[in-house]
Amino acid sequence: MLWLLGATSLGCVGIGDGGESPMPNRLIHEQSPYLLQHAYNPVDWHPWGEESFAKAREEDKPIFLSIGYSTCHWCHVMASESFEDPGIAEILNRDFIAIKVDREERPDIDRIYMSFVQATSGQGGWPLNVWLTPDLEPFSGEHLLPTTGRPRTSGIQYRPPAHRRGLAAGTGEDNRTRRSDSGLTLRGG
């Protein structure tokens, strides 16, 4: 399908060649320009809030929390490389409750999870990506996670279903990879 992108007050909106619009995710109802930029990602983003936390508890799924802001260059790079990728979106949607936060709108949330990532990895920055229990306890986190590893970063790598090896949280150590049963691998760089 050929996609045309047009900037609107809601951010980028895709219009298919057949005139249909893709289904927006839950961020379509938010006010933040940053969150609205992600309203048409194939990732089923949820806003920060009790409804999202309850869904994680009810489905017994970990939370994938991504924090960024609208003028963040690397946030846009990660969105383009990862969150617009249908294979990565499929895994995030199936195995996690994906929550997107605008750090300019919620500096309190950013401060809590940035402190965790800095303490556990020795690094910090945006986009900030943290894996949480359904009770909001962080268990792993990294900043920029491009689809392929770059020097000094971790990478999200998608393998087709026949080669699935799993989601592995970045370790903060070079040349280490942990895997489970999904098709998403986070590789320490």
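Biologist: Is Asp60 buried or exposed?

Modeller: The term rests on relative accessible area: buried is under 20%, exposed is over 50%, and partly exposed lies in between, with a 1.4 Å probe and protein chains only. Asp60 has a relative accessible area of 63% and counts as exposed. This is a predicted model, in which local features need pLDDT of at least 70 and side-chain atom pairs count only at pLDDT 80 or more, while totals for chains, interfaces and linings use all residues. Residues are numbered from 1 along each chain as its sequence is written, and side-chain values use heavy atoms, with hydrogens and water left out.

Biologist: Where does Asp60 lie, and what is its phi?

Modeller: Asp60 is in the loop between H2 and S4, and H2 is followed by this residue. Its phi is near 50°, a positive value in a residue other than glycine. The labels H and S stand for DSSP runs numbered from the N terminus: helices are H or I with at least four residues, strands are E with at least two. The protein has five helices and ten strands.

Biologist: Which other residue has a positive phi, and what is the value?

Modeller: Leu136, with phi near 75°; this residue too is not a glycine. Leu136 belongs to the hairpin of S6 and S7, which has five residues between the strands. With a relative accessible area of 22%, Leu136 is partly exposed.

Biologist: In what order do the strands form the open sheet?

Modeller: Pairing is read from bridges: two strands pair if DSSP finds at least two bridges between them. Here five strands give the order S3-S5-S4-S6-S7, with mixed pairing. Strand S3 (46–47) and strand S7 (138–142) are the edges, each pairing on one side only.

Biologist: How many bridges join S4 to S6, and how many join S6 to S7?

Modeller: Strand S4 (residues 63–68) and strand S6 (residues 128–132) run antiparallel and are joined by five bridges. Ile67 has Leu128 as its bridge partner in S6, and Ser66 stands opposite Asn129. S6 and S7 also run antiparallel, joined by four bridges. There, Asn129 stands opposite Glu142 and Val130 opposite Gly141.

Biologist: Why is S6 described as largely enclosed?

Modeller: Five of the five residues of S6 are buried, so the strand is largely enclosed by the rest of the structure. Leu128, Val130 and Leu132 point one way, Asn129 and Trp131 the other, and all are buried. Pro127 sits in the loop between helix H5 (107–121) and S6.

Biologist: Which strands do helices H2 and H3 lie across?

Modeller: Angles run from 0 to 180 degrees between N-to-C directions of axes, which are lines fitted to C-alpha atoms, for helices over the stretch in contact; contact means heavy atoms within 4.5 Å. Helix H2 (residues 50–59) lies across S3, S4 and strand S5 (97–102), at about 160° to S5. Helix H3 (residues 73–83) lies across S4, S5 and S6, at about 145° to S4.

Biologist: Which residues of H2 are buried, and which are exposed?

Modeller: Ser52, Phe53 and Ala56 are buried. They cover an arc of only 100° around the axis, which puts them on the same side of H2; the arc is that of the directions from the helix axis to the C-beta atoms. The buried residues of H2 pack against S3, S4 and S5. On the other side of the helix, Glu51 and Glu58 are exposed.

Biologist: How many residues does the largest nonpolar core have?

Modeller: In soluble globular proteins, nonpolar side chains tend to be buried together. A nonpolar core is a set of buried Ala, Val, Leu, Ile, Met, Phe, Trp, Tyr and Cys residues joined through side-chain atoms within 4.5 Å. The largest one here has 22 residues, and Val43, Trp45, Phe64, Phe83 and Leu92 have the most contacts inside it. Helix H1 (33–37), H3 and helix H4 (86–95) are the elements that give two or more residues to this core; the largest share, four residues, comes from H3. Apart from this core lies another of 17 residues, including Ile63, Leu65, Val101 and Leu132.

Biologist: What percentage of the protein counts as buried?

Modeller: Of its 189 residues, 47% do.
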